[in-house]
Amino acid sequence: MVESRKTSETDIRLDLNVRGTGVYKFDTEIPFFEHMLSHISKHGLIDMDLKLRGDIGIDCHHSVEDTAILMGQMIHTQLGDKKGIFRYGNFTLPMDEVLTTVAVDLGGRFYFKYTGPPMDGKFGIYDAELSLEFLQKFALNAKMNLHVVVHYGENRHHIHESIFKGLGKALRQAITIDSLTKDQIPSTKGMLE
């Protein structure tokens with residue numbers, strides 16, 4: 001599925017498949033952002049081919065935010081009525097001295113909560129705080145609950161990697177079809193938004 005988003009600040013083309021094999025190709029001019037997205041793809045088995053041009057001469061905010069919006073919308077659309085999916089996913093990921101838990105609910109309602117050390121500093125041209133912006137806008141547009149807890153850790157790079165890898169793993173669980181309930185909506189309401 002290929003979608004585009006074009007504003008006065010960004011021009012994005014994304015080919016995304018939630019039932020993929022974890023292959024990815026990026027052309028964003030923001031190396032650290034590509035590195036983080038690769039973890040969602042690889043560990044979530046979500047195929048991505050992203051071309052992004054944005055006003056990075058100002059900063060990377062609009063580029064990261066608009067990518068999150070488009071990704072979230074596309075995942076929500078591709079899941080359709082969500083029949084048969086596990087709906088919930090969680091993963092606790094160790095990465096050297098860091099331990100992070102990511103939990104998701106694809107039930108159709110937005111909520112985002114981050115608990116952990118401050119996201120500050122830079123990775124090249126990427127402001128660390130943009131990871132929280134990405135996660136919030138991604139969850140909002142995917143219509144999902146997303147909880148991230150960094151239990152402890154010191155290395156900023158490891159903290160970021162653990163979050164994005166954990167997100168990929170949790171999404172993979174939630175998106176997977178449950179063979180025992182493949183013809184059922186995973187809700188007592190009989191529907192999910």
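User: Two strands pair if DSSP finds at least two bridges between them. Which residue in E4 is the bridge partner of Lys 25?

Analyst: Asp 49 is the partner of Lys 25. Keep in mind that this is a predicted model.

User: How many bridges join E3 to E4, and do the strands run parallel or antiparallel?

Analyst: Strand E3, residues 24–27, and strand E4, residues 47–54, are joined by four bridges and run parallel.

User: What holds paired strands together in general?

Analyst: Backbone hydrogen bonds pair the strands of a sheet, in a parallel or an antiparallel way.

User: Back to E3 and E4. Which helix makes a β-α-β unit with them?

Analyst: Helix H1, residues 31–44, does, and the unit of E3, H1 and E4 is left-handed. H1 also lies across both E3 and E4, at about 160° to E3.

User: What is the strand order in the sheet that holds E3 and E4?

Analyst: The order is E1-E2-E4-E3, in an open sheet of four strands with mixed pairing. From one strand to the next, the twist averages 5°.

User: And E1 with E2: how many bridges?

Analyst: Five bridges join E1 to E2, which covers residues 10–17, and these two strands run antiparallel.

User: How do E5 and E6 run, parallel or antiparallel?

Analyst: Antiparallel, with eight bridges joining E5 to E6, residues 98–105. Met 95 has Val 98 in E6 as its bridge partner, and Tyr 88 stands opposite Asp 105 in E6.

User: How many residues lie between the strands of that hairpin?

Analyst: Two residues lie between E5 and E6, and in this hairpin Asp 96 takes a positive phi near 55°.

User: At what angle do H3 and H4 pack?

Analyst: H3, residues 130–142, and H4, residues 156–175, pack at about 15°, with axes 11 Å apart. That makes H3 roughly parallel to H4, because angles under 35 degrees count as roughly parallel. The crossing of H3 past H4 is left-handed.

User: Which residues of H3 and H4 meet there?

Analyst: From H3 there are Ser 131, Phe 134, Leu 135 and Phe 138; from H4 there are His 160, Ile 163, Phe 164, Leu 167 and Leu 171.

User: How many of those are nonpolar, polar or charged?

Analyst: The contact of H3 with H4 has seven nonpolar residues, two polar ones and no charged ones.

Technical notes. Residues are numbered from 1 along each chain as its sequence is written. This is a predicted model: local features need pLDDT of at least 70, side-chain atom pairs count only at pLDDT 80 or more; totals for chains, interfaces and linings use all residues. Side-chain values use heavy atoms; hydrogens and water are left out. Axes are lines fitted to C-alpha atoms, for helices over the stretch in contact, and angles run from 0 to 180 degrees between N-to-C directions. Angles under 35 degrees count as roughly parallel, over 145 as roughly antiparallel, 65 to 115 as roughly perpendicular and the rest as oblique. A crossing is left-handed if the near helix is turned anticlockwise from the far one by less than a right angle, and right-handed if clockwise. Contact means heavy atoms within 4.5 Å. Ala, Val, Leu, Ile, Met, Phe, Trp, Tyr, Cys and Pro count as nonpolar, Asp, Glu, Lys and Arg as charged, and the others, Gly among them, as polar. A crossover is right-handed if, with the strands pointing away from the viewer, the path from the first strand over the helix to the second runs clockwise.
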